[in-house]
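Subject: Structure handover and notes

Hello,

Here is the structure for you to take over.

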Amino acid sequence: MGLWELTPKRIAWYLFWFGSNVGLFIAGFLKQKNDPGLALLNSIGGSVFSSRGAGMAMVYTCTCLLLPVCRNLIAVLRTTPLRHIMDFDDNIYFHKCAAYANLFWTMVHVNAHYQNFFIVELKLFKVLPVRAWQIHYTMWGGVTGHIMLVIMFLMHTSAKIEVRKRKFEVFWITHHLYFVYFILLFFHGYGCFVKTGTGECRPYYNYWFTVPTGKGECRPYSNFYYTVPVFVLYFLERMLREYRARQFTALIKVVFHPGNTMELQFEKPSFKYKPGQYLFINIPDVSRVEWHPFTITSTPEEGFVSIHIRIVGDWTRKASQLLGGYQSAKVLPTIRVDGPYGAPAEDFYNYSVGVLVGAGIGVTPSASLLKSVWYRYYRKAPMKLRKVYFFWINRDKEAFEWFHSLLATLEESVPTSFLEIHVYLTGKLSLDDIQNIVLNQDDEVDPLIELKTRCHYGRPNWDGIFAGVAAQNNSFGADEVGVFYCGPSPLAETLRKACRKVNSNGGTKFVFRKEKF
């Protein structure tokens, strides 16, 4: 689903998210304004009410920040009926929504407080026992707030895609300042900055469920009721990841494929996975802190786990240089693996008709699923699936060698009535390749990719392809066709539009699912 595609589910989500944020701001605003015990503080004006309302909204956004990145929790929720209400594959997007909302309310909160401090010096100079700068830089609220502000600046700036790609370790280190951020958040209200007139303070006063009496009671947010349990949950999640990553893992084979790609095969007895899932891998000799997600390309029946890695970034280049020196060695470097985690491709077998689309290295989920299809078809295992369409688009012809043996095996053992294979080459051909195609075009196998399937040149016409799939689908009686894609975002948008177009004709519904890390 596109981030701004206005489906009913998406509209409901935006209404809930924006409505809950604004609602909490208004609730905090009015709670402060209508509290008779805070008459002196409220004499400052609307900036006090705004700072209070924004603070209440921040408690909410901070609580929501960590839940979407609890990977194991998300993996469990994907298997529950809640998946029909919420798209748990958009968990990182929700994390970003919470982060930006938290940034917005922080700006409101901070600017309102600076205005408060200015007005305090003008109106309440003789009434308060401390000066504004003392509140700002010597009291718990001011000190923790300013440190949290610096941490947020570091986390948000280093989370930019340009930084993540070029300096991942900077992103990783600054993002782990969340631990300091939340500890400071827990103590942000310590010392009871917001008090009633007589100065009596009760740090654990329940802000929402006790009727104000105006007798010196403290008025904190009691944010720890919400943020501490979520923080503990995320901490336990990280401990679980660390425990699983330290389970025995043996790298058994490294294969370098054409097209700047390497394949890692490893054994891990404790690793139980399904086709289409993904994992995180760490190679300590390359970097102890960097964990990177990769789709699993093997299937459980093979007895080992494999991933294919395109060598394009700093980490992958360092990994290829390291592992390249171990190809002939008996002992391979240590690797750590966390996972598996659920992905949209997990739902492939829930459809009668499935369309698999891979662009470049984005073919990896399809590879795992096609291997699984072969095993199930060979064993005549019962499955809902009745027809599979596989499309692979590559810019370079060398990339077709990554899974050439798999596709050749499928061509020999699975009939086209069940599995159709379509490959497309979008890059330019050399003069030698063109001559080879012309001279050998009548051969039994395609002269370029050496498969019985003929290679198409140029980009697929997805409107025509999906219309054809819809026409053929009538014989299977399926209500929905699952379209599973992994690859660049521009092609994802093209496929999404093609699905919407064929859906507008009525009849079979095309459900688009994209891999997201």
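This is a predicted model: local features need pLDDT of at least 70, side-chain atom pairs count only at pLDDT 80 or more; totals for chains, interfaces and linings use all residues.

The protein has 517 residues, 50% of them buried. Its secondary structure comes to 17 helices and 12 strands. If you take the contacts between residues at least 6 apart in sequence, 71% of them join residues at least 24 apart.

Helix pairs

Two packed helices are described by the angle between their axes and the distance between the axes. I looked at two pairs in this way.

The crossing of H7 past H10 is left-handed. On the H7 side the contact is made by Thr144, Ile147, Met148, Ile151, Met152 and Met155, and on the H10 side by Tyr178, Val180, Tyr181, Leu184 and Leu185. By class, the residues in this contact of H7 with H10 are 10 nonpolar and one polar, with no charged residue.

The second pair is H16, residues 462-473, and H17, residues 489-503. Here the axes come within 9 Å and cross at roughly 45°, which makes H16 oblique to H17. H16 and H17 have a right-handed crossing. H16 contributes Trp462, Asp463, Phe466, Ala467 and Ala470 to the contact, while H17 contributes Leu491, Thr494, Leu495, Ala498, Cys499, Lys501 and Val502. The residues of the contact of H16 with H17 divide into nine nonpolar, one polar and two charged.

Leu65 is part of helix H3, which covers residues 46-66. Its relative accessibility is 12%, so Leu65 counts as buried. Setting aside neighbours within four places in sequence, Leu65 is in contact with His95, Ala98, Ala99 and Asn102. The C-alpha atom of Leu65 is also 9.7 Å from that of Thr227, a residue 162 places away along the chain.

Arg166 belongs to helix H8, residues 161-166. Is Arg166 buried or exposed? With 65% relative accessibility, Arg166 counts as exposed.

Thr453 sits in the loop that runs between helix H15 (431-440) and strand E10 (455-457). Thr453 counts as buried because its relative accessibility is 13%, and the cut-off for buried is under 20%. The side chain of Thr453 makes a polar contact of 2.6 Å with the side chain of Glu411.

Glu346 is in the loop between strand E6 (336-341) and strand E7 (353-359). Which residues does Glu346 touch, not counting those up to four places away in sequence? They are Arg78, Lys274, Pro275 and Gln277. With Arg78, there is a polar contact of 3.1 Å between the side chains.

That is the end of the notes.

Regards

Notes. Residues are numbered from 1 along each chain as its sequence is written. Side-chain values use heavy atoms; hydrogens and water are left out. Helices (H or I, at least four residues) and strands (E, at least two) are DSSP runs, numbered from the N terminus. A polar contact is a pair of N or O atoms within 3.5 Å; within protein, one must be able to donate a hydrogen and the other to accept it, and residues adjacent in sequence count only if both atoms are side-chain atoms. Contact means heavy atoms within 4.5 Å. A crossing is left-handed if the near helix is turned anticlockwise from the far one by less than a right angle, and right-handed if clockwise. Ala, Val, Leu, Ile, Met, Phe, Trp, Tyr, Cys and Pro count as nonpolar, Asp, Glu, Lys and Arg as charged, and the others, Gly among them, as polar. Buried means under 20% relative accessible area, exposed over 50%, partly exposed in between (1.4 Å probe, protein chains only). Axes are lines fitted to C-alpha atoms, for helices over the stretch in contact, and angles run from 0 to 180 degrees between N-to-C directions. Angles under 35 degrees count as roughly parallel, over 145 as roughly antiparallel, 65 to 115 as roughly perpendicular and the rest as oblique.
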